[in-house]
Amino acid sequence: MTAVPTSFYDLTREALRQLVVRWGFSSVHAARLWSYVHLERIEAWPLMVDLPARFRERAATELAFTRPDVAVETHSADGFTRKYLLALADGRQIETVLMRYTGRVTACISSQAGCAMGCVFCATGQMGFTRHLTPGEIVTQALHVDRVLRETGEGERLRNIVLMGMGEPLHNYDAVMTAVDILRDPNGLAFGAKKITLSTVGVVPGIIRLADEARPIHLAVSLHGATQAERAALVPVAKKWPLDELMDACCYYIAKQQRRIFYEWTLIEGKNDLPDNAHAVGRLLQGQEAQVNLIPLNPTAGYAGIPTGREAAKRFQQILAGYGLPSTIRQRRGIDIAAGCGQLAASQ
């Protein structure tokens, strides 16, 4: 039986070095191969002329430059957003979003095909869980957006990555962190830690592990309810990790990392957008090093809620300010192509 080649994009620079040494070659060749691919964007073995022919022959049998195919590319009428339906090697599909803002471009990338968390207003949660993505399947989403920007010739660069696409990143912890290490490598895309944000629905062991490993990326926690009952009605995983345990984990993270947490609050008209809800959030988070990102609900086929209007969102924001909590109201992007927060579902 022929062995399946390893995806090059699953490997950190150190893992590639160790692999090349096991083959019996100098680690110098690993460094040059890494530079060819991650810095020069070369994936064709004949073009890697600085590498010995014998090394290239071995590497070509052991490594594959596995990238997802673009099944569908969709452009939003807002002029700032593109969504890519990507087909993986096994036929599974995921979605990745390119978002333009003033002075920066952000890629929203997926960490799983589907999601096991079951948030009631989220299209990915509604579709259920299929499988985890590999590190390479995560990395190549960012590489795809980077390549799109380079090909436009407009001088734009990919500046930010948000792990807020399909899936729960902390449910796929090891693969996600390997991908983050690859994306942060100074001889690759070289993202600074402050340019990467990971969003979790509240996987408590993952938050604690993230703190203990002192990973300096930004952490966003989906809250959506300020009491256990209200949160569990929207976020079923709250039954496994109750609100008080989540808050303990968040406080531990803040103390250990000495950095703020971004709390996400999906505003649903008449459900969690009332002044009483805002005061409950204020009491819950008061004194924490925190910021609240308010996100008017985006429509999905499986949830009948209505997004909060702008005036109610501003009122909510003003109440939070009274508790010393800074907040923002999320700019809406790509809603017409189902590319907004909570809308990704690998379908067109």
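Two strands pair if DSSP finds at least two bridges between them. Strands here are DSSP runs of E with at least two residues, helices are runs of H or I with at least four, and both are numbered from the N terminus. The model is predicted, so local features need pLDDT of at least 70 and side-chain atom pairs count only at pLDDT 80 or more, while totals for chains, interfaces and linings use all residues. Residues are numbered from 1 along each chain as its sequence is written, and side-chain values use heavy atoms, without hydrogens and water.

Now look at one pair. Strands β9 (residues 160-163) and β10 (residues 196-200) run parallel and share three bridges. V162 stands opposite T197 in β10.

Next, a single residue. R82 sits in strand β4 (residues 81-87). Is R82 buried or exposed? R82 counts as buried because its relative accessibility is 17%; buried means under 20% relative accessible area, exposed over 50%, and partly exposed in between, with a 1.4 Å probe and protein chains only. Beyond four places in sequence, R82 has contacts (heavy atoms within 4.5 Å) that include E73, T96, V148 and I337.

On a 1 Å grid over the protein atoms alone, a cavity is a set of points where a 1.4 Å probe fits but cannot get out; lining residues have an atom within 4 Å of a point. Grid points are joined across faces, edges and corners, and a volume is the space filled by probe spheres set on the points. One cavity of 30 Å³ or more is counted. The largest cavity has a volume of about 40 Å³. R67, P68, V70, L86, T140, H144 and R147 line this cavity. Helix α5 (residues 135-152) gives the largest share of that lining, three residues.

How values were computed
On a 1 Å grid over the protein atoms alone, a cavity is a set of points where a 1.4 Å probe fits but cannot get out, and a pocket is an open set with protein on both sides within 12 Å along at least five of seven lines; lining residues have an atom within 4 Å of a point.
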